Amino acid sequence: MKNRCFFAAIGLLIGFCFHAQAQQRGTYTLLQAGGLFGLSTTSDQSPMHGYQFQFSFGRNFYDDVYIGLGIGTDVYRGRTTLADGTRSTRRVNTLPIFADVRLPLAQLSPLGTVGVLANVGYAPSIGSDYFKGFVGKVGVTYGHLLMEGSDLLFSAGYGFQQFDTRFLGNTFSQHNVFLTVGLFIH
């Protein structure tokens, strides 16, 4: 038992050291969650709404541009009409892997910064529960300084998601608006 605690403590210490060293090299990490509000869709069904979680990490280039990779999970829900005329709730899941680009534009106050973001990627198909397809998002951000090197980040923007499943044999896409809040460590 003592050996396990010792190795766990050593592992945590090494993790904190690598984390501190990574921050000195100019990296960033972002963890955020928010809502997706469907605007229009190419299918004959109504637009779907849902929620998203995202984790991104990458390189901080002198606090002028942030470029990295991210992974997320987007869950959409919507009402659909079945062939027999009854209404049903459908759920569509995607697991996008994307390139993340962020540019701070202006310092509004000593605590607030406005910027822009762009995400472009692809959601692979994982079994029958996850749809595959292209994903793209653009938007604006507001970062409110919590402590040196970390911001509470609010984002809003436009997103496009393509849905394709090999099991149902149909492809459609949706345009949506997103709102997120997260922790941005740089």
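How many salt bridges does a search of the whole structure find? The exercises below start from this point.

The model is predicted: local features need pLDDT of at least 70, side-chain atom pairs count only at pLDDT 80 or more, and totals for chains, interfaces and linings use all residues. Residues are numbered from 1 along each chain as its sequence is written, and side-chain values use heavy atoms, with hydrogens and water left out.

**Exercise 1. Find the salt bridges and describe their partners.**

Step 1. A salt bridge is a side-chain nitrogen of Lys or Arg within 4 Å of a carboxyl oxygen of Asp or Glu. The search finds 2 of them.

Step 2. Asp74 pairs with Lys137, with 3.7 Å between the closest N and O atoms. This pair joins distant parts of the chain, 63 residues apart: Asp74 belongs to strand β3 and Lys137 to strand β7 (residues 133–147). Strands (E, at least two residues) are DSSP runs, numbered from the N terminus.

Step 3. Arg102 pairs with Asp100, and here the closest N and O atoms are 3.0 Å apart.

Step 4. Asp74 and Lys137 are both buried, and so are Arg102 and Asp100. Buried means under 20% relative accessible area, exposed over 50%, and partly exposed in between (1.4 Å probe, protein chains only).

**Exercise 2. Decide whether Val101 and Ser150 are buried or partly exposed.**

Step 1. Val101 lies in strand β5 (residues 97–107). Its relative accessibility is 32%, so Val101 counts as partly exposed.

Step 2. Ser150 lies in strand β8 (residues 150–164). Its relative accessibility is 9%, so Ser150 counts as buried.

Step 3. Contact means heavy atoms within 4.5 Å. Leaving out residues up to four places away in sequence, Val101 touches Val65, Tyr66, Val116, Leu117, Ala118 and Asn119. Tyr66 is 35 residues from Val101 in sequence, yet the C-alpha atoms are 5.6 Å apart. With the same exclusion, Ser150 touches residues including His144, Leu183 and His186.

**Exercise 3. Locate the largest nonpolar core and follow one member.**

Step 1. A nonpolar core is a set of buried Ala, Val, Leu, Ile, Met, Phe, Trp, Tyr and Cys residues joined through side-chain atoms within 4.5 Å. The largest has 9 residues: Leu36, Met48, Tyr76, Val92, Leu117, Phe131, Phe163, Phe172 and Phe178.

Step 2. A second, separate core has 5 residues, among them Tyr28, Leu30, Tyr66 and Phe184.

Step 3. Beyond its neighbours within four places in sequence, Met48 contacts several residues, including Tyr76, Val92, Phe163 and Phe172.

Technical notes: Helices (H or I, at least four residues) and strands (E, at least two) are DSSP runs, numbered from the N terminus.
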